[in-house]
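Morning, everyone. Please have the structure open.

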Amino acid sequence: MRPSGLPWILPALALVIGVLYYSIGYTGYISTLTWNGTDIEKLNVGLSNYVTALNDPVFWKALANTAVYFIATFVVQTALGVFFALILHSRVRLGTLYKIILFVPVVLAPAVMAPVFRQVFAADGQLNWVLDHIGLSALAQPWLAQSETALPVIMVITVWEWTGLTFILYYAAMGQIEPEMVEAARLDGAGNVRVVWDIVWPSLRGTTTALLMLSAISALKTFDIPYLVTGGGPNYATEFLGTLIYRQSIPQSNVGYGAALSILLLILALGLAIVLQVAGRERKR
Amino acid sequence: MFIETRRRRSRIVLQVLLTIAVLPYLFPLVAMVQGSLSGEGWTNYAKVLAVPGFILFFRNSAIIAFVTIVLVLGVTMLAAFGFSKLHLRGREIYFWALLACLTLPEVVLLTPLFVTASTLGLYNTYWAVIIPLAALQVPFAVLLARNFVNGIPDELFEASRVDGANVYQAFWHVILPLTRPILASIVIITLIAAWNDYLFPLVFLQDTSTQTVTLIPQFFVGQFTNDQTKVLASAVITAIPEVAAYLCLQRLFERGLAAGALK
């Protein structure tokens, strides 16, 4: 009979339950209060914070932004990741150099890069400077100050940051494809397009599914970039649940309302993860 | 391999296409360096480095990352061993209780941790950042490590027991030395998560002497009002150790972060 594993998993359980589950429970309790976080006086208001949230246009705006952001960044990142992986698997020179350029953004802290992006996309920033100098001055505009362009800028920054990771994963997955399969297809007269579409893309399905899950969850977790680059504005154009919860909870001290939004976010994240997991299993069958 | 380029010309076209496609990835980095050198030029760097306490941000980030890594590795390896090689009733229930936390956004923890940290006197200390960071990393680290330890044959563990080793010795001398690749991945994932974390330091560290590198831009916006060039110079200096660490340990970073993505 083997010794019991319980004492061995206890430290991990204690940390996770003591910090995470405790916080979730506490958040659930706070979500029923009207409270500023420091006063001794707390007012129990039942579920009214949730009612307020569901009637709050900013909450729905943040959800819509998250959905648009998730779909756009996922599609673009997947396309770029596959594109770079395909090219770097063929005969090009200096492959490592390109790999490094793509991967450096993954390593850099978004919080450190945020001032750079504020500068690059400013009205007198480097992007407009480049557009001026390649004869596209008509396109130059105050990217961060307009509702229509601010969210796309946040998406561009996200794609910039994460393409390297998508690329590395696809690159590794492509390394698992048997060369014989590709050669056999070529002998049958398949061209590059056919090889990529019929052999490469189907064998990347596992990676794509994993990335879909990862992108969906991290879209819901988004905070650093919109908070630091646009502050959620202009006019809530780049509001995400993360920035909304932070603003309600800390600067505005509506911790009860912030907690209710947190619980809604948690339900969404967990629900989405379960749905995607189940859908992924079904497809495998 | 998948794109055949028989002729020299098509090979050149591919190379040019690739080069043009990576330019946008290089652009922000070039803009960062260029911006940091405009105005007063290299003097920007001198002035940033001369700000008293600048080095403290790096020290604080290093301490926080180091302690977080030690904490995560310790509890994770014990748990992976317990889950994988020992008798555990309700094993999957415990495991799923950990896994459910993979989806947990940091922002959900803010208010409870803020209140608790203030009550316990941990506010403005490293622990206020280390403990939640470690707790958020553990579920995934356990998932990775458990999968890895599952791949180590049970016979190896049992043989050492037959040879008279007790369970601690078996863990320490037989299992742990075999887990080095996954240890490296966990270290890298935790290092990046701790070093790059912004929200916890933002909320829990108010005193500049305890703040981390991710709060540097904000500090310099206050320090040099409206002088964007100094802020960018500080961003370059902050980015250098990260880029250097990646360049030295390319394989480890790529493998570690790739493992981190495939939850």
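First, the term I need: two residues are in contact if their C-beta atoms, placed from the backbone, lie within 7 Å. Keep in mind that this is a predicted model.

Now the interface. By that criterion, 83 residues of chain A are in contact with 75 residues of chain B. Which helix gives the largest share of chain A's side? That is α1(A), with 15 residues. By class, the chain A side splits into 64 nonpolar, 14 polar and 5 charged residues.

Next, the helix pair. Helix α1 of chain A covers residues 6-30, and it packs with helix α6 of chain B, residues 127-150. Their axes lie 9 Å apart, at an angle of about 125°. Angles over 145 would count as roughly antiparallel, and 65 to 115 as roughly perpendicular. The pair α1(A) and α6(B) is therefore oblique. The crossing is left-handed.

Who touches whom? From α1(A) come A:A12, A:L15, A:V16, A:V19 and A:L20. They meet B:I131, B:P132, B:A134, B:A135, B:V138, B:P139 and B:V142 in α6(B). The class count here is 12 nonpolar, no polar and no charged residues.

Last, confidence. The model scores ipTM 0.86 and pTM 0.89. Chain B averages a pLDDT of 86, and 98% of its residues score at least 70. Where in chain B is confidence lowest? In helix α13, residues 250-261, at a mean of 77. Helix α3 of chain B, residues 54-85, is highest, at 91.

That's the tour. Over to you.

Terms used: Residues are numbered from 1 along each chain as its sequence is written. Chains are lettered from A and ligands numbered from 1 in the order in which they are written. This is a predicted model: local features need pLDDT of at least 70, side-chain atom pairs count only at pLDDT 80 or more; totals for chains, interfaces and linings use all residues. Axes are lines fitted to C-alpha atoms, for helices over the stretch in contact, and angles run from 0 to 180 degrees between N-to-C directions. Helices (H or I, at least four residues) and strands (E, at least two) are DSSP runs, numbered from the N terminus. Angles under 35 degrees count as roughly parallel, over 145 as roughly antiparallel, 65 to 115 as roughly perpendicular and the rest as oblique. A crossing is left-handed if the near helix is turned anticlockwise from the far one by less than a right angle, and right-handed if clockwise. Ala, Val, Leu, Ile, Met, Phe, Trp, Tyr, Cys and Pro count as nonpolar, Asp, Glu, Lys and Arg as charged, and the others, Gly among them, as polar. pLDDT is the predictor's confidence in each residue, from 0 to 100.
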